[in-house]
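Subject: Structure handover

Hello,

Please find the structure below, followed by notes on what was found in it.

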Amino acid sequence: EYRRPVLVVKIDARGDDGLLFLDREGILLPSADFSSSQAKDYLRIVAGGETPTSVYGSPWGSDRIAGAARLAELLENRWEPLGLYWIVAAGGASNVIAYELRDQEDKLRIIWGAAPGRERVGEAAPSAKIALAMTLPGSKP
């Protein structure tokens, strides 16, 4: 069984030279297997100075990036109809990583919250968040 990409990590490099592909578990996939033109097929996150802790076939090594990969997998067939492009991660209350979903022009922002499976008490389930997002003007369910 081959690993499939679900997320592109943009590292600090010019243009599309710094794109790395990850699977749903945050495993770094061999860059030789993908072209930069394929990046349009996946959500992106900026590495923010982080680099992989190991080689291809190993986890990226960051809870922030791993959570983004879980979120990208969950949104795999839904992000394009919503016009999304980026996953943005920031430290939240109690050092919980909170995610936002944004379009390429940064005109649309959806506050997601914690990564799937890491929701805080009282936070909506991922299915409820998706259902709400699909009701946004311009979404194509």
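Of the 141 residues of the protein chain, 41% count as buried, where buried means under 20% relative accessible area, exposed over 50%, and partly exposed in between (1.4 Å probe, protein chains only). The model is predicted, so local features need pLDDT of at least 70 and side-chain atom pairs count only at pLDDT 80 or more, while totals for chains, interfaces and linings use all residues. Residues are numbered from 1 along each chain as its sequence is written, and side-chain values use heavy atoms, with hydrogens and water left out.

Overall fold. The protein chain has 2 helices and 6 strands, in the order β-β-β-α-β-β-β-α from the N terminus. Helices (H or I, at least four residues) and strands (E, at least two) are DSSP runs, numbered from the N terminus. The radius of gyration is 15 Å, close to the 14 Å that the globule rule gives for 141 residues, so the chain is as compact as a globular protein of that length. This radius is taken over C-alpha atoms, and the rule is 2.2 Å times the number of residues to the power 0.38.

Aromatic pairs. The structure holds 3 of these. Rings of Phe, Tyr and Trp (its six-membered ring) pair if their centres lie within 6.5 Å; planes under 30 degrees apart count as stacked, over 60 as edge-to-face and the rest as tilted. F21 and F34 are stacked, at 4.6 Å centre to centre with 25° between the planes. F21 sits in strand β2 (residues 19-22) and F34 in the loop between β2 and β3 (43-46), 13 residues apart. Both F21 and F34 are buried. The ring centres of Y85 and W86 are 5.0 Å apart and the planes are at 80°, so this pair is edge-to-face.

Helix α2. In α2 (residues 126-133), the buried residues are P126, K129, I130 and A133. They cover an arc of only 100° around the axis, which puts them on the same side of α2; the arc is that of the directions from the helix axis to the C-beta atoms. S127 and L132, on the other side, are exposed.

Residue S62. S62 lies in the loop between β3 and α1 and is buried, at 13% relative accessibility. Its side chain makes a polar contact with the side chain of E50 (2.6 Å). A polar contact is a pair of N or O atoms within 3.5 Å; within protein, one must be able to donate a hydrogen and the other to accept it, and residues adjacent in sequence count only if both atoms are side-chain atoms. The S62 side chain also reaches the backbone nitrogen of I65 at 3.3 Å.

Regards
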